[in-house]
Amino acid sequence: MTPKTTTKFGIYGGQFLPEILMPAIEELTAGYEKYKNDPEFTAELDRYLADFAGRPTPLYHAKRLSNAYGVKIYIKREDLVHGGAHKLNNTIGQALLAKYMGKTRIIAETGAGQHGTAVAMAGANLGIETVVYMGSVDMERQRMNVYRMQLLGAKVVPVESGSKTLKDAINETLRDWVAIVENTYYIIGSVVGPYPYPVIVRDFQTIVGNEAKDQIMHAEGRLPDSIVACAGGGSNAIGVFYPFLDDADVDLFAVEAGGSNLMVTEKTAYHSASLCTGELGSLHGAMTKILQNKYGQILESSSIATGLDYAGVGPELAYLADIGRIKPRNVSDDETLDAFFELSRLEGIIPALESAHAVAYVKKAAETGELGDVVVINLSGRGDKDVDSVAKRAGF
Amino acid sequence: MNIEDKFTELKTRNEGALIAYICAGDPTPDDTVAIVHALVRGGADVIELGLPFSDPIADGPTIQASIERALDAGMNPDIFFDLAHSLDVSVPLVVMTYYNIIFKRGLERFVRDCVKSGISGIIVPDLPVEESDGLATHCRTHGVDLIFLIAPTTYPERMGKIADRGSGFIYLVARIGVTGARDDIAESTLSLIDLVRGTTQTTTPLAVGFGISTPDQASAIIKAGADGVIVGSAFVNIIADRVNVPERIEELTRELKSAVL
Ligand SMILES: Cc1ncc(COP(=O)(O)O)c(C=O)c1O
């Protein structure tokens, strides 16, 4: 049994789950403790990260963007990870953990399809049966990713409940886990959900920050003044931030989806900025900052970037925001689109719309001096998946 | 009325308890009043009123749909407590809702509202015993039962912790899975009853739910030694049909109740 105090980050986190899953969560906690420093496990994971995922990813000095925005910008190229996003760092780690724990079936939720694709890749590579739950609205929005997952041998199950998007897909994946708990491993896609998931996913994503720290020291001979990452659930953000938490001079900015505006109605938020505007509550197994109405019903969030479109955020990020170690920010859909175009034209890199939020914030904040002189942007993914929807918006 | 008193009363008559679940506000609060009265006329011993939450992870499609209908019709905690208060029934009422609804209202305020509106117990399917200190304290102070679930996956040491903390009755989850009507009954469900009693030596009544919908299942469970059965989706299916709802609810209740006599 894990002592209760260790399942929380301050008041955030915990395990708000049906009793039926508690033994599985304890088994996961024990399994992760057993294997995380196991030489065989870590050696195999390192091999996968190098030869399958393509790590390390470069830290790239973006000269033209730096000139345009007036700060020295380095881009951590998670867009170059196999699958096109940082997601595989986590899924390969968890799929391997599932294998070591003797699980024969992996399940996952997906919003944009990025996490689902990364799960399907890991599942195919390790030869484990893979089922991905996806809201039917999201399936319509991201048809190519649905096909990609099927191509990789995963079964994609449409979710028709609620808003038919990411949060409903998580609900349905939890229900699957409840139903077939014995042989099944749930690979959650971000630093959300019940403990120990926020820790497991963070640990697997920390490689991003570890590499970036070495690389910036090599390039600049010093740490950056600030690091900027987009935050949906927050896995790429905490992954790049974590190794810098003790470096008090490095400012850490988590940029959320400001959507069309920061307004909410009884049922809907026109944004997904849960760190910036959310209130304490429990969602998907954790206490965190969530978008909810006065009765505690979860709002349907929105964003131009499907991968940020979530009403909650990782509990550790909520904690780090409260103690002032990270700075939550948000940018609008329109600011994001501008950055999407600018990075494409100035650097020849088409960013994921999620990642373009980080770029957009750098543009906005560079003018105020808030970011200092040297900035690292974590470019969590590439934008190929978004080209279609951006082209439609642009009237192409 | 106090839940354990109800079980004691039934025990002296050698009856099993029939616990009926419906989601309040499906399709409207007025309908809920009529349905509750039909349940009472049919012989339900305890009524579990669902207070709908937008993201019900422990519920299957039937109850999810009921929750969605109730939310669409405007059900919220304020209306819920008014509704419960207005119900003039002789059987104990229990609220079943998810933790965020309780947390958002404030733990103590929620428990006080239960007392004020005549609700004797609270079931929270996403609140494991580890996270329950706060709510349990307020429940104890105000004399409201906090009812916990024991699942087929719960191992003996956890059973003990749960039995120690819970009161009113213990909710045994009949099968691995979410709520929803089935027509079979697993051997393991029947053995779970003995296992829980043997392991925990608890005197708290045991009621079995999840997937119970027919009189045959209900009677098998009582014969296996449970003190009560919990039926939800079978009632909710009738409500979803919208045809002769109170009559059919009353009839099903009567059939189920006669199976646990
Ligand atoms: C490219 C990309 N970046 C960011 C995210 C958001 O996730 P997180 O906040 O966990 O990094 C996603 C999610 O799908 C994504 O695909």
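**Pockets, cavities and a ligand**

User: Hello! Which residues lie nearest the centre of the largest pocket?

Analyst: The largest pocket has 31 residues in its lining. On a 1 Å grid over the protein atoms alone, a pocket is an open set of points with protein on both sides within 12 Å along at least five of seven lines, a cavity is a set where a 1.4 Å probe fits but cannot get out, and lining residues have an atom within 4 Å of a point. Nearest the centre of this pocket are Arg141(A), Gln142(A), Lys385(A), Asp386(A) and Ser389(A).

User: What kind of model is this?

Analyst: Residues are numbered from 1 along each chain as its sequence is written, while chains are lettered from A and ligands numbered from 1 in the order in which they are written. Side-chain values use heavy atoms, with hydrogens and water left out; totals for chains, interfaces and linings use all residues, local features need pLDDT of at least 70, and side-chain atom pairs count only at pLDDT 80 or more, since this is a predicted model.

User: Which helix gives the most to the lining of the largest pocket?

Analyst: Helices (H or I, at least four residues) and strands (E, at least two) are DSSP runs, numbered from the N terminus. In chain A, α6 (136-141), α7 (143-151) and α15 (387-393) each supply at least two lining residues. With 5 residues, the most comes from α15(A).

User: What is the volume of the largest pocket, and how many charged residues line it?

Analyst: A volume is the space filled by probe spheres set on the grid points, which are joined across faces, edges and corners. For the largest pocket this gives about 700 Å³. Asp, Glu, Lys and Arg count as charged, Ala, Val, Leu, Ile, Met, Phe, Trp, Tyr, Cys and Pro as nonpolar, and the others, Gly among them, as polar. The lining has 6 nonpolar and 12 polar residues, and the charged ones number 13.

User: Which helix gives the most to the lining of the second largest pocket?

Analyst: The second largest pocket has a volume of about 450 Å³. It is lined by 27 residues, and closest to its centre are Lys267(A), Gln297(A), Ser54(B), Leu71(B) and Asp72(B). Both α8 (166-179) of chain A and α3 (61-72) of chain B supply at least two lining residues. The most, 5 residues, comes from α3(B).

User: Where does the ligand sit?

Analyst: A molecule sits in a cavity or pocket if more than half of its atoms lie within 2 Å of its grid points. Around the ligand are 18 residues (near means a heavy atom within 4 Å), and the closest are Ser190(A), Gly232(A), Gly234(A), Ser235(A) and Ser380(A). This shell holds 5 nonpolar, 11 polar and 2 charged residues. The space taken by the ligand is the largest cavity.

User: How much of the ligand's accessible area does the protein cover?

Analyst: Oxygen atoms of the ligand lie 2.7 Å from a polar backbone atom of Gly234(A), 2.7 Å from a side-chain N or O atom of Ser235(A) and 2.8 Å from a polar side-chain atom of Asn236(A). Accessible areas come from the Shrake-Rupley method with a 1.4 Å probe. Of the 390 Å² that the ligand has on its own, the protein covers 97%.

User: Which residues lie nearest the centre of the second largest cavity?

Analyst: The second largest cavity has a volume of about 130 Å³. Its lining holds 10 nonpolar, 5 polar and 2 charged residues, and β9 (228-231) and α11 (233-241) of chain B each supply at least two. Nearest the centre are Ile63(B), Thr179(B), Phe210(B), Gly232(B) and Ser233(B).

User: What is omega for the peptide bond between Asp26(B) and Pro27(B)?

Analyst: Most peptide bonds are trans. Pro27(B) is in the loop between β1 (17-23) and α2 (29-42) of chain B. The bond joining Asp26(B) to Pro27(B) is cis, with omega about -5°.

Terms used: A polar contact is a pair of N or O atoms within 3.5 Å; within protein, one must be able to donate a hydrogen and the other to accept it, and residues adjacent in sequence count only if both atoms are side-chain atoms.
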